[in-house]
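My notes follow in the order I checked things.

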Amino acid sequence: MEKRWWKEAVVYQIYPRSFMDSNGDGIGDIKGITSKLDYLQELGIDVVWLSPVYQSPNDDNGYDISDYRNILDEFGTMADWEEMLSEMHKRNIKLMMDLVVNHTSDEHAWFVESRKSKDNKYRDYYIWRPGKDGKEPNNWESIFSGSAWQYDDLTGEYYLHLFSKKQPDLNWENPGLRQEIYDMMKFWLDKGIDGFRMDVINFISKMEGLPSAPEEPGKKYVSGSRYFMNGPRIHEFLQEMNKEVLSKYDIITVGEMPGVTPEQGILYTGEDRNELQMVFQFEHMGIDGGPGGKWDLIPFDLVKLKRILSKWQVELYGKGWNSLYWNNHDQPRVVSRFGNDKEYRVLSAKMLATCLHMMQGTPYIYQGEEIGMTNVQFTSIEDYKDIETLNMYKEKVHENGESPKKVMESIYAKGRDNARTPVQWNNQENAGFTTGTPWLAVNPNYKEINVEAAIADPNSVFHYYKKLIQLRKENEIIVYGQYELLNEEHPHIFAYLRSYNGEQLLVVTNFSSEEQEFHCSKKLDYTNSQRFIGNYDEIEEVEDIHQFRLRPWEAIVYKLS
Ligand code: NOJ
């Protein structure tokens, strides 16, 4: 397996709107980020993935871009951005920008032109179709509810938008469009950035003819994902992008890919494939969603989680590369989701971090995860800002008459605003995020959970993350070791081995608030065992590492040699 810097790196994601506000307008900004770089350096991360900071009308908080080459006014200026980049580089922090090229904003100059007439030069940059029998061109549902097509009076045709109607999909079949995108990527790379995170990049090739999906009883629109995820020309497009742009720079790339399987993951990330370095897969994010999708809550099942993560570990080993994540700006907070954010918040946050960071892949930490930030429960739907949440609520409650209480429960569990409440910096007003009124309310638990308190407490989640990052830098086994799942059927213990150059790491974690007995499912071969890291201070002497007791949410790692 080739050794590469981005395999050894730890990435930290910043969602700029919610990170740090420097000018009191209630919205996080670039100068706010620059002011916190010492903090990130202290944590020890290598790369920042910055969610979009480009010009945008903010229908989807920057994932609807109206100008790829300029900075959103609310976030600052290009000069602020350049200063941020140079301050990052001074601290050996690399910058990975968000690349959102499945769609633009409907306010992007290309779309403004495209709408004007059927023969406009930019018409073909987007996906326009005439209606069928007075209805939409097909029955696809938008990921943000309703039809994926919007009718436009001006030319009497519909345009495709897999997300909101203010996010028209780009037509990647058009070679001119592709060149414009590659030029734009070079514009940022030549400014000195170190990589791209690519938004829903496996959606860019749609199946020819855009066929309707099979009907589903009781549904007007249905998911057309099988016709646009991992579509027919996706590898061709990515190889072209690689040849034209990516291969010319030593950078880190990760493709966000809902619906990707490990077999496809290898095609996207294989060393000989010249596409991307890693993908964000979603299988483990889907385990608490039922047949009705993410809002259809079903109980967490550890055995299922183990199977999914292990499958990715084993199948990509030596063939591709994994990303590792529990959180991002679209997901609920992991300590509330798979841990216990009440009496075991600190322990379970550390346990989850251990379980993930000891695996093979490049770990991603989402802002606030490193201090164990939790989900939030606002009383009224009016307090929520996320377009996905608001559209879903409107459809379910106002159009389908579902119970508001039940819908609110699902928002508490899965809503994207859980991740987007401002970072809690201290116990002062608005958690130190802003001197103004925050665009989205601060989680009321900031008095207890905040960065200042976490730094002051040597046993905090923050110091534990710092240690995990440090260990990764000092032990190649964490980066390159081979993975093997143990005790596959145990409903509460997630245990695995990593092996490298005659050494092993035995990772054992308890996903429950009860004590558990670990009986290792495999006879381990070693002469020395040493405690590597664990989340309890009081260390219990273990006679035989094949068999020991785990306390609630305990994580323990032994190094065997
Ligand atoms: C995935 C992004 O992570 C999400 O925040 C966004 O809403 C959609 N893609 C559309 O860009």
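**Entry 1: α12 and α13**

I began with helix α12 (residues 387-399) and helix α13 (residues 404-414), whose axes lie 10 Å apart at an angle of about 155 degrees. I keep in mind that the model is predicted. Angles over 145 degrees count as roughly antiparallel, so I logged α12 and α13 as roughly antiparallel to each other. Their crossing is right-handed.

Next I listed who makes the contact. From α12 I noted Thr389, Met392, Tyr393, Lys396 and Val397. From α13 I noted Pro404, Val407, Met408, Ser410 and Ile411. Sorted by class, the contact of α12 with α13 has seven nonpolar, two polar and one charged residues.

**Entry 2: α11 and α16**

I moved to helix α11 (residues 345-357) and helix α16 (residues 461-474). Their axes are 10 Å apart, and the packing angle is about 15 degrees. That angle makes α11 roughly parallel to α16. I recorded a right-handed crossing for α11 and α16.

On the α11 side I found Val346, Ala349, Lys350, Ala353, Thr354 and His357. They meet Val461, Tyr464, Tyr465, Leu468 and Arg472 of α16. I counted the classes for α11 with α16 as seven nonpolar, two polar and two charged residues.

**Entry 3: α6 and α7**

How do the axes of α6 and α7 cross, and within what distance do they come? For helix α6 (residues 175-190) and helix α7 (residues 234-244), I read a crossing at roughly 45 degrees, with the axes coming within 10 Å. I therefore put α6 and α7 down as oblique to each other. α6 passes α7 in a right-handed crossing.

In α6, Arg178, Gln179, Tyr182, Met185 and Lys186 take part. They meet Phe237, Glu240, Met241 and Glu244 in α7. The residues of the contact of α6 with α7 split into four nonpolar, one polar and four charged.

**Entry 4: the ligand**

Which residues surround the ligand? I wrote down Asp60, Tyr63, His103, Phe144, Phe163, Arg197, Asp199, Glu256, His329, Asp330, Arg416 and Arg420.

For Asp330, an N or O atom of the side chain is 2.5 Å from an oxygen atom of the ligand. For Asp199, the distance from such a side-chain atom to a ligand oxygen is 2.7 Å. For Arg197, a polar side-chain atom lies 3.0 Å from an oxygen atom of the ligand.

How values were computed: Residues numbered from 1 in each chain as written. Predicted model: local features only at pLDDT ≥ 70, side-chain atom pairs only at ≥ 80, totals over all residues. Heavy atoms only, no water. Axes fitted to C-alpha atoms, helices over the stretch in contact; angles between N-to-C directions. Helix = DSSP H or I, 4+ residues; strand = E, 2+ residues; numbered from the N terminus. Parallel < 35°, antiparallel > 145°, perpendicular 65-115°, else oblique. Left-handed = near helix turned anticlockwise from the far one by under 90°. Contact = heavy atoms within 4.5 Å. Nonpolar A, V, L, I, M, F, W, Y, C, P; charged D, E, K, R; others polar. Near = heavy atom within 4 Å. Polar contact = N/O pair within 3.5 Å; in protein donor to acceptor, adjacent residues only side chain to side chain.
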